[in-house]
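Me: I'd like to go through this structure with you, a bit at a time. Please start with whatever convention I need for the helix numbering.

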There are 4 protein chains.
Amino acid sequence: MGSGLMGKRKEKISSSIAWSTPDKISVRGLDLPNEILGHMNLGDLAFLQLTGRKATPEESRVFNAIVITLVEHGITPSALAARMTYMGAPESLQAAVAAGLCGLGTVFVGSMEGASKMLYEALPQDKLGTGVDLDALAVETVEKFRARKMIVPGLGHPVHKPVDPRTPRLFQIAAENGKSGEYIELIQKIQAVAEEKSGKMLPINATGAIGAICCEFGFPWKIVRGFGVMARSIGLVGHILEESENPISYELWQRAEQEILETSGPGAA
Amino acid sequence: MGSGLMGKRKEKISSSIAWSTPDKISVRGLDLPNEILGHMNLGDLAFLQLTGRKATPEESRVFNAIVITLVEHGITPSALAARMTYMGAPESLQAAVAAGLCGLGTVFVGSMEGASKMLYEALPQDKLGTGVDLDALAVETVEKFRARKMIVPGLGHPVHKPVDPRTPRLFQIAAENGKSGEYIELIQKIQAVAEEKSGKMLPINATGAIGAICCEFGFPWKIVRGFGVMARSIGLVGHILEESENPISYELWQRAEQEILETSGPGAA
Amino acid sequence: MGSGLMGKRKEKISSSIAWSTPDKISVRGLDLPNEILGHMNLGDLAFLQLTGRKATPEESRVFNAIVITLVEHGITPSALAARMTYMGAPESLQAAVAAGLCGLGTVFVGSMEGASKMLYEALPQDKLGTGVDLDALAVETVEKFRARKMIVPGLGHPVHKPVDPRTPRLFQIAAENGKSGEYIELIQKIQAVAEEKSGKMLPINATGAIGAICCEFGFPWKIVRGFGVMARSIGLVGHILEESENPISYELWQRAEQEILETSGPGAA
Amino acid sequence: MGSGLMGKRKEKISSSIAWSTPDKISVRGLDLPNEILGHMNLGDLAFLQLTGRKATPEESRVFNAIVITLVEHGITPSALAARMTYMGAPESLQAAVAAGLCGLGTVFVGSMEGASKMLYEALPQDKLGTGVDLDALAVETVEKFRARKMIVPGLGHPVHKPVDPRTPRLFQIAAENGKSGEYIELIQKIQAVAEEKSGKMLPINATGAIGAICCEFGFPWKIVRGFGVMARSIGLVGHILEESENPISYELWQRAEQEILETSGPGAA
């Protein structure tokens with residue numbers, strides 16, 4: 001066990017998110033029934049929940065856009081996991097969503113986190129506006145990843161090339177609302193360098209674009225993956241509803257089982 | 001295994017949620033970058049994802065309100081499960097959210113589903129507007145649950161009494177936007193009967209109110225729990241962010257361990 | 001929220017499972033390093049953990065057999081969910097196992113629970129040895145399920161017919177070790193009646209056999225599903241190891257995505 | 001998304017774990033009913049599932065011991081997460097176990113993986129028996145972690161000091177069964193160096209001992225965490241059974257909520 005946990009005892013636990021009494025429910029200091037319900041949309045409440053303050057109209061537009069981007073991308077592995085789970089436990093919809101979320105790790109949605117972390121490490125927030133040479137930073141960053149034989153987070157997509165169509169639109173929305181700064185500039189330079197060095201098409205994918213915009217907001221990189229997780233949970237509920245009406249899991253399972261029986265079963269060479 | 005699965009083979013699988021090609025991503029028939037991003041808030045996209053059509057402004061207000069209601073309710077068991085999980089696996093934020101969602105079953109958030117199911121069973125959608133005697137239905141419904149010694153779903157709350165403050169506000173928002181009809185009327189009558197028969201304070205709690213409003217929308221009861229699941233995933237990301245900055249799990253764990261050592265350990269009588 | 005939770009406050013929490021001090025770890029009253037490690041196999045420890053006492057040699061043989069039965073059944077939906085999850089989050093093996101477990105609900109492994117519950121309801125433990133007419137009970141039980149248009153839990157299998165090969169072997173092991181009594185007799189009679197009434201092949205499947213043997217042990221039906229859950233977690237680790245060496249998820253995902261693009265994408269009729 | 005996934009298409013999927021036909025179920029080439037049931041204990045089947053071959057009697061003793069060690073350690077965060085989840089969704093026992101597993105990451109059980117990885121990196125399998133200077137390796141390894149300000153995986157425990165009582169017993173069982181070699185020697189040297197350099201008590205904890213023994217077996221480090229996951233799933237089923245009979249979650253939740261109301265609610269300073 002990590003000794004990092006030791007010494008974390010505290011006299012009293014506290015939380016500044018919410019509290020309730022018989023007749024009141026307060027979320028981030030606002031009265032839920034009277035100051036939130038009917039006054040905010042779901043994205044704005046997510047912003048409030050995460051930051052402790054109300055989004056400005058500009059922030060609301062950008063934040064809603066980045067979270068919405070991640071809700072749905074068709075029959076992803078996470079949608080398949082959720083649908084397979086629902087087939088076995090239709091009485092536990094929540095567990096099917098949970099199963100679908102479990103795979104949002106370093107390979108898929110979690111790559112947002114990697115992009116934000118990379119950008120913050122290259123350009124700490126206290127260096128913003130100090131005239132850092134972004135071209136040099138981009139070269140340095142790409143070389144660091146190449147030296148470790150690691151892919152640059154937020155670049156590349158198996159389907160969307162040469163451009164991920166979500167990226168220019170997200171950058172446009174960010175620019176229109178005052179959220180386009182050095183981090184977006186930096187990831188664009190990183191992409192150019194990475195494509196040149198590798199000789200491959202490496203578009204800034206949606207998670208890269210969002211990772212950069214999250215840096216423009218100043219969100220801690222540790223929480224960036226969470227935007228994808230909350231978004232995808234919405235998408236997964238949609239997949240489960242469709243699975244209940246037009247199931248595909250049983251067919252996919254049977255095909256897989258039969259194919260393995262053929263390739264690996266008693267009759268296989 | 002349930003034989004209900006047999007015979008579900010199909011020639012081709014299909015899905016009407018989303019598809020993508022190298023330069024296009026379509027969600028429910030809309031172009032994600034150009035027709036959704038920057039044009040919708042997160043709640044409206046959830047509505048689109050679930051129903052396949054855009055919400056009207058009235059539907060948007062009511063739907064955003066019901067989902068928002070479920071985002072946050074303080075240090076719930078699901079928040080505690082998520083925080084405990086994050087302590088052990090801080091690199092897997094998605095798994096901490098998943099852990100927190102797993103408990104949204106029949107006792108907590110899933111009670112929305114129970115309320116919707118009860119209302120639809122009492123008053124099928126094809127009986128709406130046919131002058132059914134709601135008072136009689138309410139008595140009949142409560143008696144059915146009492147006969148089976150089951151609690152009426154959507155009623156009662158350990159803290160919020162005599163009134164759950166979310167409920168009148170939700171009903172007000174529903175009424176202001178044309179979503180207050182026989183289902184809301186029926187659950188109010190059910191509550192009155194249940195309080196009278198039991199002699200206890202049994203306020204319509206938030207999940208009961210939402211269950212009734214979901215019936216006003218006509219959402220299938222099987223998916224109603226999903227609104228709570230998607231909402232809570234947002235709340236849980238907020239709890240995990242706070243846990244990373246102001247942890248409480250370690251302290252709560254240590255206290256539990258020490259107390260059990262005292263009551264049940266070597267020195268216990 | 002269910003009012004069933006109210007009034008569950010208690011002065012002190014306690015647990016009789018385990019405790020530890022700096023130099024001792026006690027599990028169910030035994031010293032883990034000295035009385036358990038090197039002296040028990042994993043199945044016996046599971047028995048100890050669940051019942052609070054050591055298994056007899058006969059109990060050990062039967063209990064190990066029933067749990068082992070559930071470890072592995074090829075490319076099940078739960079194995080697919082775990083593999084899909086691992087593809088996205090290879091750094092979180094535990095989350096991939098968790099995803100695979102989430103689907104062990106009423107349709108698959110959880111049917112063990114249904115079988116045990118059915119048998120206990122038909123023949124409560126205090127009626128054992130009192131000469132109850134099992135033939136009449138079997139007819140009554142099948143009719144109850146047929147009246148509710150529900151399938152009889154523990155009967156029927158899409159692949160294993162006319163006999164699930166695990167069932168006679170499990171019943172043999174139970175008989176050889178003094179664990180074959182009225183519950184096994186009853187499920188066999190239930191099967192005969194169900195086949196006759198339905199005109200279909202309805203073999204006692206492995207979960208039915210195990211459900212009955214669990215009743216012979218006297219395990220509470222609420223925990224029976226747990227044997228399948230612990231067993232399957234072992235199987236899933238095996239699938240994840242194979243997925244890391246010989247991946248199938250990516251291929252299955254790509255095929256599903258392409259097929260949906262064909263049937264439901266821009267070019268579809 | 002990681003481009004590492006691209007190019008993983010394959011003609012046919014295959015699996016060498018298991019297959020079934022109407023009258024046969026084969027697991028790792030053995031006939032499940034006739035060659036496994038009644039002939040193996042659960043730990044041995046886990047070994048078969050993971051390695052594809054039967055354990056020798058010596059391997060069986062050591063492997064059962066390492067997995068058993070991880071089943072139970074009292075009211076851990078993972079047990080708390082499982083119990084909190086069960087309170088909300090008692091109908092989904094599998095989801096409660098899943099929730100408990102989700103936290104077995106880098107901080108707790110996953111540290112086994114870290115220990116194995118560290119040992120393999122220091123001493124690759126092809127260097128075994130070539131007379132590598134383990135003392136020098138130990139110093140080098142500790143210094144590498146200290147330079148990165150990271151804790152050495154497998155060392156230190158908040159409760160079990162100066163010795164984790166599981167460790168000497170596990171090393172004894174390994175030695176008695178021919179599984180004590182250079183990896184165990186190396187971790188012992190690493191511990192001595194780490195204690196000396198840090199001036200702290202850093203016992204080899206159970207996950208460190210198991211990580212080293214896993215290297216003696218030659219298990220891939222990527223799967224080592226899986227042994228803890230399968231073990232803990234057994235422990236969690238025990239906790240859930242106890243929670244159903246002697247609940248503690250509700251009390252712990254209420255206490256946490258009240259304390260937060262006091263420290264962070266409307267009356268807080």
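Reply: Helices here are DSSP runs of H or I with at least four residues, strands are runs of E with at least two, and both are numbered from the N terminus. Please keep in mind that this is a predicted model.

Me: OK, α7 of chain C then. What follows it?

Reply: α7(C) is followed by C:Lys149, whose phi is positive, near 55°.

Me: Which residues of α7(C) are buried?

Reply: The buried ones are C:Leu134, C:Leu137, C:Ala138, C:Thr141, C:Val142 and C:Phe145. Seen down the helix axis, they fall within an arc of 125°, so they line one face of α7(C). As background, an α-helix has 3.6 residues a turn, so residues three or four places apart point the same way.

Me: What covers that side, and what is on the other?

Reply: The cover over the buried residues includes α6 (111-122) and α9 (182-198) of chain C, whereas the face turned away from them carries C:Glu140 and C:Ala147, which are exposed.

Me: Switching topic: what rotation superposes chain D on chain C?

Reply: A rotation of 180° with 0.0 Å of shift along its axis does so, at an RMSD of 0.0 Å. The two copies are thus related as by a two-fold rotation axis. In chain D, the residue that comes closest to that axis is D:Ala98, with its C-alpha at 2.1 Å.

Me: Now D:Ile223: buried or exposed?

Reply: D:Ile223, which lies in helix α11 (residues 221-245) of chain D, is buried, with a relative accessible area of 2%. Leaving aside residues up to four places away in sequence, D:Ile223 touches C:Leu93, C:Val237, C:Leu241 and D:Leu50.

Me: Last one, the sheet in chain D. What is the strand order?

Reply: It is an open sheet of 3 strands in the order β1-β2-β3, with antiparallel pairing. β1 (18-21) and β3 (30-31) stand at the edges with a single partner strand each, so one side of each is left without a neighbour in the sheet. β2 (residues 24-27) pairs with β3(D) over 2 bridges, and the bridge partner of D:Val27 in β3(D) is D:Leu30.

Technical notes
Residues are numbered from 1 along each chain as its sequence is written. Chains are lettered from A and ligands numbered from 1 in the order in which they are written. This is a predicted model: local features need pLDDT of at least 70, side-chain atom pairs count only at pLDDT 80 or more; totals for chains, interfaces and linings use all residues. Side-chain values use heavy atoms; hydrogens and water are left out. Buried means under 20% relative accessible area, exposed over 50%, partly exposed in between (1.4 Å probe, protein chains only). The arc is that of the directions from the helix axis to the C-beta atoms. Contact means heavy atoms within 4.5 Å. Copies are superposed by least squares on the C-alpha atoms of residues with pLDDT of at least 70 in both. Two strands pair if DSSP finds at least two bridges between them.
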